[in-house]
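Here is a short report on one protein chain. Take a look at the model first.

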Amino acid sequence: MRQLYPILFVLLIVTQVSAQEKITSNGVEGKSFEFKTENSILHYELYGNGTPLLILHGNGGSTKSVYRLLPELTSEFEVIAVDSPCHGQSSCNENKLSFDFIAQEIEALINELGYEEIKIWGHSDGGIVALMLGYTVPEKINRMLISGANTRLDTKAILPEIVELVNRYEEISIPDLKIHVKLMAKQKPIPNSKVKEISMPVTLMVGDRDAVQIGHTLEIFELLPNANLCVLPGTSHFLENKEYVITQLQELNKPFNSHSTLDVVENIANQIFQN
């Protein structure tokens with residue numbers, strides 16, 4: 001009977017993660033996988049070698065959202081692109097869908113991947129999920145880039161016109177789009193106390209013409225204990241200039257510096273007034 005244990009273990013792993021054929025996206029070779037959790041089947045793709053970088057797409061996006069960046073990233077990162085539940089090729093259980101549920105499923109994937117630590121880039125809805133992972137599994141994450149994220153849905157956080165449209169999700173006739181917009185409409189606020197628990201270095205990024213109000217981004221920035229703020233000029237929520245994004249992603253592999261003007265001034269003052 002003991003001889004069966006290793007076989008059973010291998011069979012269990014095979015049923016949880018199955019590799020598909022090799023794929024090529026934007027000229028970069030990779031592999032696609034299906035990971036079975038208790039509640040979902042998550043589609044994810046791996047590209048390149050180097051530092052593990054998990055990329056969480058925005059609402060209505062998928063692994064395809066990452067393809068335009070792959071040639072510039074795969075020389076120094078192992079890019080892990082995943083379809084969130086009810087997106088792309090991942091399964092969908094509309095009754096379970098929420099940001100809490102997505103974070104739970106992504107946490108299961110992180111545990112399955114088995115890296116000691118990873119870096120995360122989360123954009124928009126993916127940024128919301130990244131914030132949640134930052135206080136639920138901080139031991140698994142050593143650095144994050146979070147762009148276009150909000151901690152609640154109201155007109156002080158999101159442009160009023162967009163809040164109005166999101167709250168009209170019941171009128172949408174396209175099934176997938178209705179599911180995605182409903183996810184935004186039903187967002188539960190992330191408590192400030194939870195954001196304060198996110199201890200790893202974070203670069204918080206927003207476009208100067210984003211859907212997320214810059215004032216709300218500042219609120220999040222002031223709550224994070226170890227963060228830098230990046231405002232991209234001439235940029236909407238959709239991050240048109242990919243070079244801006246690539247630069248900030250490459251910074252994730254460099255030492256985190258958070259220089260304070262006050263620290264410099266205090267040092268100068270101590271020298272000037274030491275007598």
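The report goes from the overall fold to two single residues.

## About the model

This is a predicted model: local features need pLDDT of at least 70, side-chain atom pairs count only at pLDDT 80 or more, and totals for chains, interfaces and linings use all residues. Residues are numbered from 1 along each chain as its sequence is written, and side-chain values use heavy atoms, with hydrogens and water left out.

## Overall fold

The protein chain has 10 helices and 9 strands. These are DSSP runs, numbered from the N terminus: helices are H or I with at least four residues, strands are E with at least two. The radius of gyration is 20 Å, close to the 19 Å of the globule rule for 275 residues, so the chain is as compact as a globular protein of that length. The radius is taken over C-alpha atoms, and the rule is 2.2 Å times the number of residues to the power 0.38.

Of the 275 residues, 46% count as buried (under 20% relative accessible area, with a 1.4 Å probe and protein chains only). Take contacts (heavy atoms within 4.5 Å) between residues at least 6 apart in sequence: 70% join residues at least 24 apart.

## Two loop residues

Cys86 sits in the loop between strand S5 (77-82) and helix H3 (99-113). Its phi is near 70°, a positive value in a residue other than glycine. Cys86 is buried, at 10% relative accessible area.

Ser124 lies in the loop between strand S6 (118-123) and helix H4 (125-136). Phi of Ser124 is also positive, near 60°, and this residue is not glycine. Is Ser124 buried or exposed? Ser124 counts as buried, with 10% relative accessibility.

Methods: Buried means under 20% relative accessible area, exposed over 50%, partly exposed in between (1.4 Å probe, protein chains only).
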